[in-house]
Amino acid sequence: MTNLLWLLPALPAFGFAINGLLALAGARRTEGPDRGIVGFLALLFPVLSFILTLVLWQNLSAATESVRSQSELLGVKLQAPAFAQTMGDWIRAGDLAIDFGFRFDKLTGIMLLFVTGIGSLIHLYSIGYMAHDRGFARFMAYLNLFLANMVVLVLGDGPIVTFLGWEGVGLCSYLLIGFWHHDEANGSAATKAFLVNRVGDLGFLVGIFLLWQIMGPGSSLTYEAISAWFRDPAHAAQLATPAVAALLTASTLLLFVGCTGKSAQIPLLTWLPDAMAGPTPVSALIHAATMVTSGVFLLARMADVFAMATTTLHVIAWVGAATAVWAAVTGLFQHDIKKVLAYSTVSQLGFMFLAVGVGAFDVGIFHVFTHAFFKAVLFLGAGSVIHALSGEQDIRRMGGLARKLPVTFAAMFAGWYAIVGLPFGAGFWSKDLILERVYVHGGIGLYSIALATAALTALYMTRMMILVFWSPSRVDAEVSHHVHESPLSMQVPLWILGVGALCVGFFWADMIHLDWFARQLSDVVGPAQAILVSGHGGHGPSPWLLAGFGVTAAVIGILVAFGLFRNGAFRENGREPMGTASRWWMLAFDGLHTVVGIWPVSVVAWILDNWIQPLLMGILRVFGWLVELAGSAIRLLQRSRLRTHMALSVLGLALLLLFLARELL
Amino acid sequence: MNLHLVLLAPMLASVLTLFLSGRDGASTLRAVLFFAFVVAGASFVPLAMGESTTELHTWLRPVGNLTVRWGLAADGLSAWLVALTGVLVPVALATARAHVGERLREFAAAVFFLQAGLVGVFLSVDLLQFYAFFEVILLPSTVLIAMFGGRERRRAALLFLLFSLAGSIPLFVSIWWMAAESVRMQSALALDFESVRVFLATVDPQARFWLFAAASVAFLVKLPVVPFHLWQADAYSEGPAAGSALLTGIMAKVGLYGFLRIVVPLFPMEAALYANFFVGVGLVTMLTGALIALRQREVRRVLAFSSLSHLGLGLAALFTFRPEAIAGVVVLVVAHGLSAAALFFLTGIAEGWARSRHIDDFGSLAKRAPVFAVLFALAGLASVGLPGTAGFVAELLMLFSLWKVYGVAVALVAGSTVVLSAAYTLRLMQKMLFGTSHTQAESSPDVPALEALSIAPLLVALVVFGFMPGPILKAGRPDLLTRLPSAQAKVVEDATHAAAR
């Protein structure tokens, strides 16, 4: 089984190769390659990858069970099994020895299940959504390439292999945000996403260097080795020394900077709303369900490291909380349906980091998992609405669509139900787990921010639902003639994901003692969490009470939204209350980027280009004049033609050689 | 004898090319491409022969106290550079055909001549012989710029020539001084690298400093670094694009090669003493290049400053002397050679369509010339060091060693190239490939098959080496800076032969 791991990324990569070549071959013809074939191939390979993941998961579960029963029998704790495959050396020089290898354990498995599963569904959806686009084959090829890179990201057996996928998904994100590249605004959004991510990636790399230094030269850079090193009690004393502790804090903070880039957290977050310039399936797959959650995945992957860096965890928790509330407030001001969802994604990612920051790695991953379902269905539903309204994205010109688009509405209702956290939806379980852990391990400050954010989430999501589906129609008369439900290829993913958004929470319904999800992850993140939790006493108040608070917050948010927006009321000029204030709030981080990043670079570049370069040229010229003054021979050289220069140079060289020869002989 | 064939092949090709009639364009192209492929085949001989390739022939019988020898030797580093030269030349000929038109014969002759000189530089183990080839390459490269360049070509060629000569004459004086000094000290001096190193260890430190400075300047100008870079942007943008590709792809590498082979091994004490200075110069060059590249209005000037930036980082990393850095710099030499050359080749083709060099005169090539766009994007991504391309391996190793020696702050400064290089390269891609068309030309052709098929292998190699950099890393072995490819063993052999006779 183990030696099949390479197939997981290779299958979609193969799909990319075929469709890419087809797209390229047909690029200059008026009609692209046959959509049936392209669509079939593009869907086939992700599905195969998904099936293979299922098979591997089955085998891994069986292996885990047998190991577990063995260890109970023997009374010793045995290492949890994982599939690993090393393809060979990658980068070996000096002290660095990096192999190219894959590792499939329970954390990877869970990530892969929804990455390939939801990925396949979104491929299917895209076949319908992009059917009339001339770049259909190119789009499907990029999606396949993305999937291959995402699989490498989660399957890599060490941070450098992960980094390969990490930058690979960044590239695909760039290509897909700028997919409609004739519009330069899309290009700018794509470039911004890539550059902001690269700032984070630099942090990632240097963070890895520092981690490697802590472990000592010659240590292997695989997750297995890293975990083993940090779990080893023999290293505890070393980690306690101030120097190493400082190094660890620096290392983990730098790694976290990498995560803020990829997962759009403060301060590297504004690229994600801009990324909505890409086609909607891209927003659903890359910018909601999978890629942007990589940061949370990385932290869970290195849980053993972060468990030792409590300062960093505090920073992560507060950054997560601040991002969650900032994005939730910003989501309130948006008119573009996709922007509402984008800010919602940023906010939910903040929740995940908050969970990780209080040491609940498994809960963070659980929210990644549930969020993938409900946010994917919300985005795909939004895509369906946009499709139905011939490209309209402004929620001020929607309304009353519940009856016209029943399937889309039902799916989005399920997503809405899950995200606001009404009882027994997917988000209810995962968000309540986060709130509970934050309350117990994070303190009342973080808990109240989280609770307020939950209320805000309900507020902006309900506002969106009202304006799109329930309020009186404000759709242009002409557009409303063409409103139609989406084709079947788009409806099937909506149905499946909608059901998922309602049900997947039961994988870990803590209050009714369903904890399948937690058991899967216990081998991976369990030891790290045990360290963090050991300091704290028993449980807080009853989970039912905390859940009650959470639901109350959601209900308040919903009620306020109905109170404010039930008529879809807008002033004639289209501005909402708080117009200017909301602008400042929204653009705060863009402004920060400009002041801290773009201006200094531009100013220095301007000085170099306009002052330093001419200055150097001037010195050269002065030098030239001095030489000119020195003698008539040189003056001849300045005036004359190139041929003379060449002749003179050769002559000079010959003279020197002659001189040398005479001297020596 | 094999290494002599490697050197003779391009010389012969150069001469034979001049004998072509040159009247029939198609047959000239066929002939020069045939030559180029044969020469390229020969260029892989050193790689195929492995590490310990040496040939030595006594050029002049030892006269008086001085022995001047003719010797060729190749280790992994030389072998990769020779192979790189061999690979880039056919592509240069194929992509330049549209631009040089009827003068393909002259162009090819100059290119082969340049190739011969470069191969000579990379295979020399004798300082005087190295210097001779080092100067020989100036001739064809100046001719390429001056004959086949744009409107300001003469000025660019002159600037290039003057800078190069000014940079290399101190080196020549140093060689002459060493010869004279050894004569004065009544000791025999062979000028092969190994003997020179032994000799230099006996020289008065102050004198040795000046020799070190002279040798460094020669290669700093060739690389180049700030403030010796003033010739570069003009030469790269005024010369023919295919010629610029060779200039940046290989000739700039002579600068790094000179440090790896001559400056650091022959002057280990000075190199260690002034390492911080060179790291500083390298980083300043890297930052300056990247920042100026952001503001350039011509595509090839962006690429020129991009080269400045990348090779500046290479210099900085080299002077950490870490084994990772040595391996990284060797990978950089190959990776940058391939990616930068590919970008120049492609830019040359696009300039032919747009009849302009200005960055705003392209646009929407992704739509009009999709094959071009794919090739250009791949080359661009390879040049920004995307993981999965060889550039990433180089960047990772170089940043790692800078961090290891100088700490986090320097690593972050050096690492800013990760962001800045992406910034100017993506700007280039955005302006050239995307957006709307700014040209009058209603239908532009895509890259012709010959050009596409010759550039594509460069990009394939970049990806292959991105995943399997092993062979190149092996060439950048840790003792590269201390174990010179030497002809000593062979000398003994020659002596015994002579005695037997």
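Reader: Where is the place of A:Phe45?
Author: A:Phe45 sits in helix α2 of chain A, which covers residues 35-74.

Reader: And what does A:Phe45 touch, not counting residues up to four places away in sequence?
Author: With those set aside, A:Phe45 touches A:Leu11, A:Pro12, A:Phe14, A:Gly15 and A:Asn144. As for A:Met150, 105 residues apart from A:Phe45 along the chain, the two C-alpha atoms are separated by 14 Å.

Reader: Turning to chain B, is B:Val121 buried or exposed?
Author: B:Val121 counts as buried, with 28 C-beta neighbours inside 10 Å. Its place is in helix α5 of chain B, residues 104-123.

Reader: Which residues is B:Val121 in contact with, leaving aside neighbours within four places in sequence?
Author: B:Val121 is in contact with B:Phe130, B:Phe133, B:Phe134, B:Ile137 and B:Val254. The C-alpha atoms of B:Val121 and B:Phe134 are separated by 5.9 Å, the two residues being 13 apart along the chain.

Reader: Now the helix packing. At what angle do α3 and α21 of chain A pack?
Author: Helix α3 (residues 106-129) and helix α21 (residues 488-503) of chain A pack at about 150 degrees, and their axes are 7 Å apart. The crossing of α3(A) past α21(A) is left-handed.

Reader: Which residues of α3(A) and α21(A) meet?
Author: From α3(A) there are A:Leu121, A:Ile122, A:Leu124, A:Tyr125, A:Ile127, A:Gly128 and A:Tyr129. They meet A:Ser489, A:Met490, A:Val492, A:Pro493, A:Ile496 and A:Leu497 in α21(A). By class, this contact of α3(A) with α21(A) divides into 11 nonpolar, two polar and no charged residues.

Reader: How far apart are the axes of α15 and α18 of chain A?
Author: The axes of α15 (residues 337-357) and α18 (residues 426-442) of chain A are 9 Å apart, and the helices pack at an angle of about 40 degrees. That angle makes α15(A) oblique to α18(A). The crossing of α15(A) and α18(A) is left-handed.

Reader: What does α15(A) meet in α18(A)?
Author: A:Phe351, A:Leu354 and A:Ala355 of α15(A) meet A:Lys431, A:Ile434, A:Arg437 and A:Val438 of α18(A). This contact has five nonpolar, no polar and two charged residues.

Reader: Let us take backbone geometry. What is the phi of A:Phe424?
Author: Phi of A:Phe424 is near 75 degrees, a positive value in a residue other than glycine. A:Phe424 is in the loop between α17 (406-420) and α18 of chain A, and A:Phe424 counts as partly exposed, with 14 C-beta neighbours inside 10 Å.

Reader: And what is the phi of B:Phe321?
Author: B:Phe321 has a positive phi of about 60 degrees, although it is not a glycine. B:Phe321 lies in the loop between α15 (299-318) and α16 (323-354) of chain B. With 18 other C-beta atoms within 10 Å, B:Phe321 is partly exposed.

Reader: Where in chain A is the cis peptide bond to A:Pro267 found?
Author: The cis bond runs from A:Ile266 to A:Pro267, with omega near 5 degrees. A:Pro267 is in the loop between α9 (242-262) and α10 (271-274) of chain A.

Reader: Which residue does a cis peptide bond join to B:Pro227?
Author: That residue is B:Val226, and omega is about 5 degrees. B:Pro227 is placed in the loop between α10 (205-222) and α11 (230-238) of chain B.

Reader: How many residues of chain A are in contact with chain B?
Author: 50 residues of chain A are in contact with 61 residues of chain B. α6(A) gives the most to the side of chain A that touches chain B, with 12 residues. The residues of that side divide into 30 nonpolar, 10 polar and 10 charged.

Reader: What ipTM does the predictor give the complex?
Author: The predictor gives the complex an ipTM of 0.92 and a pTM of 0.92.

Reader: Where in chain B is the pLDDT below 50?
Author: The mean pLDDT of chain B is 88, and 90% of its residues reach 70 or more. Over residues 488-501 of chain B, however, the pLDDT is below 50, and this stretch has seven contacts in the model beyond near neighbours in sequence. Where pLDDT is low, the predicted coordinates should not be read in detail.

Technical notes. Residues numbered from 1 in each chain as written. Chains lettered and ligands numbered in written order. Predicted model: local features only at pLDDT ≥ 70, side-chain atom pairs only at ≥ 80, totals over all residues. Contact = placed C-beta atoms within 7 Å. Helix = DSSP H or I, 4+ residues; strand = E, 2+ residues; numbered from the N terminus. Nonpolar A, V, L, I, M, F, W, Y, C, P; charged D, E, K, R; others polar. Axes fitted to C-alpha atoms, helices over the stretch in contact; angles between N-to-C directions. Parallel < 35°, antiparallel > 145°, perpendicular 65-115°, else oblique. Left-handed = near helix turned anticlockwise from the far one by under 90°. pLDDT = per-residue confidence, 0-100. Buried ≥ 20, exposed ≤ 12 C-beta atoms within 10 Å, placed from the backbone.
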